[in-house]
Amino acid sequence: MGNIVDPIEELRQHSVPDSHFRDVEFVSRVRQHIEDEQHKSRSGFRSFKRKTVMSIMISSVLLVSFTAYAATGHIQIFNSKGEIVLKTADPSTSALPAKLSNLLEEYRTRVKSMLKPGELAAYYIKDDYINKDNGYDTANPIKFEYQPIAYRSYDDFQKERVRTSAPILQVPGYLPKGVKFAYGQVFPFGPAPSGEKDRVKYVELEQRLMNEANSSKSGDKLFVEKLDWSKAFNSIVYLSDGKSDTAVSIMAAYGQGASLTKSLDASSEKIQLKHVEAIYLHDEADGDSISWYDSKQNIVYTIIVNVKSLMAKKDLKAMAESMIID
């Protein structure tokens, strides 16, 4: 359903603003996890279909029952100030050149192989093609990678969520027959080139890594620094259908709204979940999702069905409603 292409946002994703709408794309992590699972599948492990769905922007607003259709036919949900807090959007028409994409993936894989579960790292690639010559956004040369921990115990996942102040995320009170908790993950905040305090930390980190790269005589192009972290930006729960441990993914992230990428073949509609408006996306190829914003907790929730025909719309809606506090 979506297409996330900016590799610098592997941690606390931050894309170029679309008008006043600044997107923080946390599901590129989910995309990579799916790709990793697909690789495991070829080695005899279970996997699920690649899916990327949404990006979210950070702020605080109140969500009210007011929905409209933009001139493009996309759904928009507004707050009391007339600001968009939830919307659908067209897929990106741009893509990284194959050479650049392959290079970035090679370095990302190298960095990830250096990390133990739960470790976060920043890295700089000393390569003019990547940092200057490729024609894409090169303003932020420091990239991030995180090696997540899969908490197979629900209690352990909740303990980690509380310890890291990650967004509240419970297994839905309603689950279709045969669907159950498989594992949970949390993903950290980290230095990012936005906000005054974050920008200072990012610049300091950038300077350290670039100084190391410029003074190095080794000839290596990759320079890595592991980072301490204590606060999480989002939580993810994966549900099993008895065949795939990632049949359903439920994501929660701090932020005021969500930009949902809708493929050309998908349909979208506004639905009511108790007292909350939500956006339902249906895609014959990739499955369905529901997204909504919890104004009391300042959290965006999205449920994604990764296995085709696993459940009907009414079941997905019932799952979402069972997560909403009256």
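User: Among contacts in the protein between residues at least 6 apart in sequence, what percentage join residues at least 24 apart?

Analyst: The share is 67%, where contact means heavy atoms within 4.5 Å. This is a predicted model, in which local features need pLDDT of at least 70 and side-chain atom pairs count only at pLDDT 80 or more, while totals for chains, interfaces and linings use all residues. Residues are numbered from 1 along each chain as its sequence is written, and side-chain values use heavy atoms, with hydrogens and water left out.

User: How many helices and strands does the protein have, and what percentage of its residues count as buried?

Analyst: The protein has six helices and 15 strands; helices (H or I, at least four residues) and strands (E, at least two) are DSSP runs, numbered from the N terminus. Of its 326 residues, 53% count as buried, a term for under 20% relative accessible area, with exposed meaning over 50% and partly exposed in between (1.4 Å probe, protein chains only).

User: Which residues of helix α6 are buried, and where do they lie around the axis?

Analyst: An α-helix has 3.6 residues a turn, so residues three or four places apart point the same way. In α6 (residues 313-323), the buried residues are D315, L316, M319, A320 and M323. They lie on the same side of α6, because their arc around the axis is only 135°; the arc is that of the directions from the helix axis to the C-beta atoms. Their cover includes β9 (232-240), β10 (248-254), β12 (267-273), β13 (276-283), β14 (287-294) and β15 (299-305).

User: Why is β14 described as largely enclosed by the rest of the structure?

Analyst: In a regular strand the side chains alternate between the two faces of the sheet. Strand β14 is largely enclosed because eight of its eight residues are buried.

User: How many aromatic pairs does the structure hold?

Analyst: A pair of aromatic rings is described by the distance of the centres and the angle of the planes. The structure holds six such pairs; rings of Phe, Tyr and Trp (its six-membered ring) pair if their centres lie within 6.5 Å, and planes under 30 degrees apart count as stacked, over 60 as edge-to-face and the rest as tilted. Y146 and W229 are edge-to-face, because their ring centres are 5.7 Å apart and their planes stand at 90°. This pair links distant parts of the chain, with Y146 in strand β6 (residues 143-146) and W229 in the loop between β8 (222-227) and β9, 83 residues apart. Y146 is buried at 5% relative accessibility, and W229 is buried at 18%. Together with F187, Y146 and W229 form one aromatic cluster.
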